[in-house]
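Thanks, everyone. Let me put the structure up and walk you through it.

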Amino acid sequence: MDNISIIGGGIGGLLTALCFEKLGIEYKLYERAEAFKIVGAGIWLSPNALQVFEWINPKLLREIQKSGNAFDRIMIANHKLKPISDSEQDFVKNEYGYTTMAIHRGVLQKILFSHIKADYIVFDKEFKQYSSIDNKTYEVEFADGTYIKTNAIIGADGINSLIRKQLFPKSTLRYSGQTCWRGVSNTKLSTELDSVGFTLWGQQLQFGVSKLDEDKTYWFAVTLSEPNEKDDTTYLKSKLLKMFSEFDPVVHQLIQNTTTEKIIRGDLSDLNILNQWHSGNICLIGDAAHSMTPDLGQGGAQAIEDAYYLSNYIHNSNTMEEAYTKFYNKRKSKVEKLVKQSRTTSKIAITSKPIEIIRNFILKYTPEKLMQKQMIALYEIDKEF
């Protein structure tokens with residue numbers, strides 16, 4: 001019988017496994033995919049996430065840094081690439097030794113998998129349901145008809161978590177009213193942009209860009225949309241090029257140099273705030289517990305923080321219930337604030353002309369010291385353990 005079962009081999013589940021290994025906590029991870037594949041597009045890793053990698057193993061951090069691209073600046077610009085807010089990241093590097101970076105999500109997951117003991121991961125195990133045998137034992141059923149018994153369950157199965165749906169059946173998702181296309185372009189950015197993570201804000205349109213490596217650039221494109229719409233891939237690139245026709249030429253270049261089948265579309269939703277993340281010996285983490293829109297680039301980082309805090313509370317507590325309670329009390333305030341901030345940013349990034357003028361004015365004249373203070377507070381990780 002497993003001591004603790006982690007359901008889901010995404011970033012949150014993999015980081016929980018790595019934290020457990022560092023602290024000597026017995027576990028097994030169950031992933032629905034048949035085998036590991038490099039999929040997805042890009043992801044930003046801010047210093048709060050990088051600190052957790054460093055805590056696990058400085059070698060792991062260095063490997064991730066070598067496989068991605070660090071930012072000297074983070075910029076919000078208008079659709080013509082004229083800066084609205086442009087933040088030099090020296091103050092972050094002075095504080096932590098590194099800045100926010102971009103990396104291909106699949107490459108990151110490959111690195112994380114390589115640092116986990118192979119026999120601790122079981123592939124091709126899609127979660128179906130759990131049942132309680134007694135107060136300390138659960139039976140987990142998978143889609144292939146197999147079962148396991150376990151003392152505790154960590155639900156790291158994402159925004160559409162089946163564990164959450166069974167644990168908290170009244171939980172609901174909120175559609176933001178926006179859809180997003182993501183891609184990795186075979187484009188080399190100009191020298192002045194290759195160390196900048198930047199987003200272009202237009203009228204009811206948003207386009208984000210960040211270099212991944214010498215020949216690959218991650219981009220995302222956001223617009224207002226009804227939910228669940230589908231693309232005709234024959235015309236997808238021409239549709240996006242027309243949609244962003246008034247944007248800076250770098251946008252057109254990035255879209256044009258992306259293979260159509262590598263452009264991923266997804267509606268942007270978040271999870272309506274839960275008033276608890278656990279029941280009995282079952283606990284949710286990451287997007288399963290507090291999914292947010294990607295506007296602050298903090299979804300992955302907050303799952304990584306979850307792994308760090310939860311593993312340490314389990315290591316230092318007498319019972320899982322005690323650990324889960326401490327974990328929720330510690331994390332609740334920060335993630336709820338970020339969920340709300342992401343929603344607000346989502347609305348102001350894609351807005352009409354009158355509000356756009358006011359928005360740009362406020363951003364442009366927000367004191368630099370205030371922005372720096374807010375960033376440092378966001379990136380802070382407690383060293384209480």
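One definition before we start: a residue is buried under 20% relative accessible area, exposed over 50%, and partly exposed in between. Keep in mind that this is a predicted model.

Now apply those cut-offs. Asp 231 has a relative accessibility of 22%, so it counts as partly exposed. Its salt-bridge partner is Arg 265, with the closest N and O atoms 2.6 Å apart. Asp 231 sits in the loop between strand E16 and helix H7, while Arg 265 is in strand E17.

Lys 330 pairs with Asp 382, the closest N and O atoms being 1.9 Å apart. Lys 330 lies in helix H11 and Asp 382 in the segment after helix H13, so the bridge ties together parts 52 residues apart in sequence. Both ends are partly exposed: Lys 330 at 29%, Asp 382 at 25%.

Is Glu 336 buried or partly exposed? Buried, at 16%. Lys 332 is partly exposed, at 31%.

Next, the enclosed parts. In helix H2, residues 47-56, eight of the ten residues are buried, so the rest of the structure largely encloses this helix. Among the buried ones are Leu 50, Val 52, Phe 53 and Ile 56.

Strand E7 is buried on both faces. Met 101 and Ile 103 point one way, Ala 102 and His 104 the other, and all are buried. E7 pairs antiparallel with E3 over four bridges, where Trp 44 stands opposite Ala 102. E7 also pairs antiparallel with E4, over two bridges. There, Ala 70 has Met 101 as its bridge partner.

Now the six-stranded sheet. It is open and mixed, in the order E8-E2-E1-E12-E19-E18. E8 and E18 are at the edges with a single partner strand each, so one side of each has no neighbour in the sheet. Inside that order, E1 and E12 run parallel, joined by three bridges. Ile 7 faces Gly 155 there.

Last, the surface. Asp 72, Glu 88, Asp 90 and Glu 368 form a negative patch. Glu 88 belongs to strand E6 and is partly exposed, at 45%.

Notes. Residues numbered from 1 in each chain as written. Predicted model: local features only at pLDDT ≥ 70, side-chain atom pairs only at ≥ 80, totals over all residues. Heavy atoms only, no water. Buried < 20%, exposed > 50% of the residue type's maximum accessible area, 1.4 Å probe, protein only. Pairing = 2+ DSSP bridges. Patch = residues over 30% accessible without salt bridge, like charges linked within 9 Å, V, L, I, M, F, W, Y side chains within 5 Å. Areas by Shrake-Rupley, 256 points an atom, 1.4 Å probe, with all protein chains shown as cover. Salt bridge = Lys/Arg side-chain N within 4 Å of Asp/Glu carboxyl O. Lys, Arg positive; Asp, Glu negative; His and termini not counted. Charge placed at Lys NZ, Arg CZ, Asp CG, Glu CD.
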